[in-house]
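Me: I am new to this structure and would like to go through it slowly, asking at each point what a term rests on.

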Amino acid sequence: MAFRKKFAPRRKFCRFCADKDLPLNYKRTDILRDFITERGKIVARRITGTCAKHQRLLTTEIKRARQMALLFYTTAHSSDVKKKTTI
Ligand SMILES: [Zn+2]
């Protein structure tokens, strides 16, 4: 047993390219939340499959959302933030 695949290879794709109507906006934290870890880190492109163009925009929007206190920077703030973010 030299190699064992951890999970079946699945074609990754950019969610924003696939669905043109999917808004990439700091107000849509429900969508942005899919691209950050539980600890508030932005998930790398190679993991999510987001294309370079959209990853760049995504990063900006996530940072903007953090600034507006719609998202959290670290887990330390998350419980406080969750109550306020209802869209
Ligand atoms: Zn894209």
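Me: What share of the contacts with a separation of 6 or more comes from residues 24 or more positions apart?

Reply: Such residues account for 63% of those contacts in the protein, where two residues are in contact if their C-beta atoms, placed from the backbone, lie within 7 Å. This is a predicted model, in which local features need pLDDT of at least 70 and side-chain atom pairs count only at pLDDT 80 or more, while totals for chains, interfaces and linings use all residues. Residues are numbered from 1 along each chain as its sequence is written.

Me: How do you know that the span of α4 agrees with its number of residues?

Reply: The expected span is 1.5 Å times one less than the number of residues, so the 16 residues of α4 (residues 52–67) should span 22 Å, and the end C-alpha atoms, 23 Å apart, agree with that.

Me: What makes arginine 39 count as exposed?

Reply: A residue is exposed if 12 or fewer other C-beta atoms, placed from the backbone, lie within 10 Å of its own, buried if there are 20 or more, and partly exposed in between; arginine 39 has 11 such neighbours and therefore counts as exposed. Arginine 39 sits in the loop between α2 and α3, and, leaving aside residues up to four places away in sequence, it touches Thr74 and Thr75.

Me: Which residues of α4 are buried, and why are they said to line one face of the helix?

Reply: The buried residues of α4 are Gln55, Leu58, Glu61, Ile62, Ala65 and Arg66. Seen down the axis, they fall within an arc of 140°, taken from the directions from the helix axis to the C-beta atoms, so they line one face. They pack against α2 (29–32) and α3 (45–48), whereas Ala52, Lys53, Arg56, Thr60 and Gln67, on the other side of α4, are exposed.

Me: What makes up the largest nonpolar core?

Reply: A nonpolar core is a set of buried Ala, Val, Leu, Ile, Met, Phe, Trp, Tyr and Cys residues joined through C-beta atoms within 7 Å, and the largest has eight, among them Leu32, Phe35 and Leu70. Helix α4 gives the most to this core, with three residues.

Notes: Helices (H or I, at least four residues) and strands (E, at least two) are DSSP runs, numbered from the N terminus.
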